[in-house]
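Keep the structure open beside the text as you read.

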Amino acid sequence: MQTAIPCTIMRGGTSKGLYFHAADLPADREMRNRVLLAAMGSPDIRQIDGIGGAHPLTSKVAVLSPSGRPDADIDYLFLQVAVDKPEVSDSQNCGNILAGVGPWAIEHGVVPAQDGITPVRIHMVNTQALAVAQIRTPGGVVEYDGEAQIDGVPGTAAAVLLDFLDIAGSSCGALLPTGSIVDTVEGVEVTCIDNGMPVVILRAADFGKTGQENPEQLEGDQVLCQRIEAIRLAIGPRMNLGDVARKTVPKMSLVSLAQSGGTIATRTFIPRRVHEAIGVLGAVSVATACMMPGSVAAAFAPGVADAQSGRIKVEHPTGFFTVELEFDAASSARKVKRAALLRTARKLMRGEVYVPASVWAGP
């Protein structure tokens, strides 16, 4: 016997995941996690007995429900399902999977469609922060085809503009979690920042790297990976994240001079694999650091740090992200007023995913 669970598979940005209505999953957290592991086929490096894509970027879950908050339409809980371990983490947001939440909310009747553009106010449950997604809905129907192109995704699709509201410190409690613009950890200078995603920024040159290596080259350097992980474990508690040994945050981003017309180049550990691009909110945090005078990132982005607003192009292995930032001119500190960027999404399949009844017999 197997249990059928309603599910939508969507590409959100450069990630892919399963989108569930919370009511269709077990209310008990541990049981829910066992169900998601079974659905993805974890733990197994191929995820052969599930529908996961054998990579962290394709082993993601959105759990969605109408929001009880007056300032939000829908609650979005992001869950990262490990590929090779029986682990499900809620320690971070995912801005890529976020791009599919608006279309899902409209097509499932959570948000009434307007003719033209439908704004969807999203409560990101992981960090209690808010985002507004602008979804194209000509004639009151979600439009997936369009002319927007994002690096890391072939072809074009309808643009999804994401506007992040007051996300600074959403995971760590402060934009600069350690209270310093630069810290020294394991003999290496770093900048720790959280503007939607906790990120530790490090100079690639401090590890003997150019910052232009591909993910496979970086992952294959075991000495490098061990040094990066040692820094991550040491700085986690100082970022108010506690013991991060079993967490997917903070992300670790090696930075260097841009090579393709961008503002800064990045190579990001997420944390034990190297991202083939960079996460949406990770890009927002790196871009924010570029505009923080004295940070590790600012040294690679001359002329940006003193601006009150700007458009930062964050280069990554397969292209770049463009992040629009605005700081509060009335504040004596560097207080982020607005962060926005563009993504795309596409519905791939809607139906039922099956898990063994021995895992869960159903509601």
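Of the 363 residues in the protein chain of this predicted model, 54% count as buried. The chain holds six helices and 16 strands. Its radius of gyration is 20 Å, close to the 21 Å that the globule rule gives for 363 residues, so the chain is as compact as a globular protein of that length. Along the principal axes, its C-alpha atoms fill a box of roughly 55 × 45 × 35 Å.

Taking contacts between residues at least 6 apart in sequence, 61% join residues at least 24 apart. The protein chain exposes about 14600 Å², and carbon and sulfur atoms supply 50% of that area. As for charge, there are 32 positive and 37 negative charges, and their mean positions are 1 Å apart.

**Strands and their partners**

Let us start with β2 and β3. Strand β2 covers residues 15-21 and pairs with β3 in the parallel sense over five bridges. Within this pair, L18 stands opposite V61 of β3. Strand β3 itself, residues 60-66, is mostly covered, with six of its seven residues buried.

Further along comes β7, residues 129-137, where seven of the nine residues are buried. Which strands does β7 pair with? On one hand, β6 and β7 pair in the antiparallel sense over nine bridges. G116 has T137 of β7 as its bridge partner. These two strands form a hairpin with four residues between them, and Q128 there takes a positive phi near 65°. On the other hand, five bridges join β7 to β8 (residues 159-165), again with an antiparallel run.

With β9 (residues 183-185), β10 pairs in the antiparallel sense over three bridges, and E189 of β10 is the bridge partner of T184. With β11 (residues 198-203), β10 runs antiparallel and is joined by five bridges; P198 of β11 is the bridge partner of D194. Both pairs are hairpins: β9 and β10 have two residues between them, and E186 in that turn has a positive phi of about 50°. Between β10 and β11 there are three residues, and the turn residue G196 has a positive phi of about 110°.

| Pair | Sense | Bridges |
|---|---|---|
| β2 and β3 | parallel | five bridges |
| β6 and β7 | antiparallel | nine bridges |
| β7 and β8 | antiparallel | five bridges |
| β9 and β10 | antiparallel | three bridges |
| β10 and β11 | antiparallel | five bridges |

**A covered helix**

**Loops and backbone details**

Two loop residues sit out at the surface. P112, in the loop between α3 (101-107) and β6 (116-124), is exposed with a relative accessible area of 66%. The C-alpha atoms of P112 and G140 are separated by 8.3 Å, although the two residues are 28 residues apart along the chain. G68 lies in the loop between β3 and β4 (74-81) and counts as exposed at 75% relative accessibility. The C-alpha atoms of G68 and G116, 48 residues apart along the chain, are separated by 26 Å.

Most residues other than glycine have a negative phi, and most peptide bonds are trans. A54 has a positive phi near 65° and lies in the loop between α1 (29-40) and β3. At 30% relative accessibility, A54 counts as partly exposed. D166, in the loop between β8 and β9, has a positive phi of about 50°. Is D166 buried or exposed? D166 counts as exposed, at 65% relative accessibility.

Finally, two cis peptide bonds can be found in loops. The bond from V249 to P250 is cis, with omega near 0°, and P250 lies between α5 (222-235) and β12 (251-256). The bond from I270 to P271 is also cis, with omega near 5°, and P271 is found in the loop between β13 (264-269) and α6.

Conventions. Residues are numbered from 1 along each chain as its sequence is written. This is a predicted model: local features need pLDDT of at least 70, side-chain atom pairs count only at pLDDT 80 or more; totals for chains, interfaces and linings use all residues. Side-chain values use heavy atoms; hydrogens and water are left out. Two strands pair if DSSP finds at least two bridges between them. The radius of gyration is taken over C-alpha atoms; the globule rule is 2.2 Å times the number of residues to the power 0.38. Buried means under 20% relative accessible area, exposed over 50%, partly exposed in between (1.4 Å probe, protein chains only). Contact means heavy atoms within 4.5 Å. Accessible areas come from the Shrake-Rupley method with a 1.4 Å probe; for residues, only the protein chains shown count as cover. Lys and Arg count as positive and Asp and Glu as negative; His and the chain ends are not counted. The place of a charge is taken as NZ of Lys, CZ of Arg, CG of Asp or CD of Glu.
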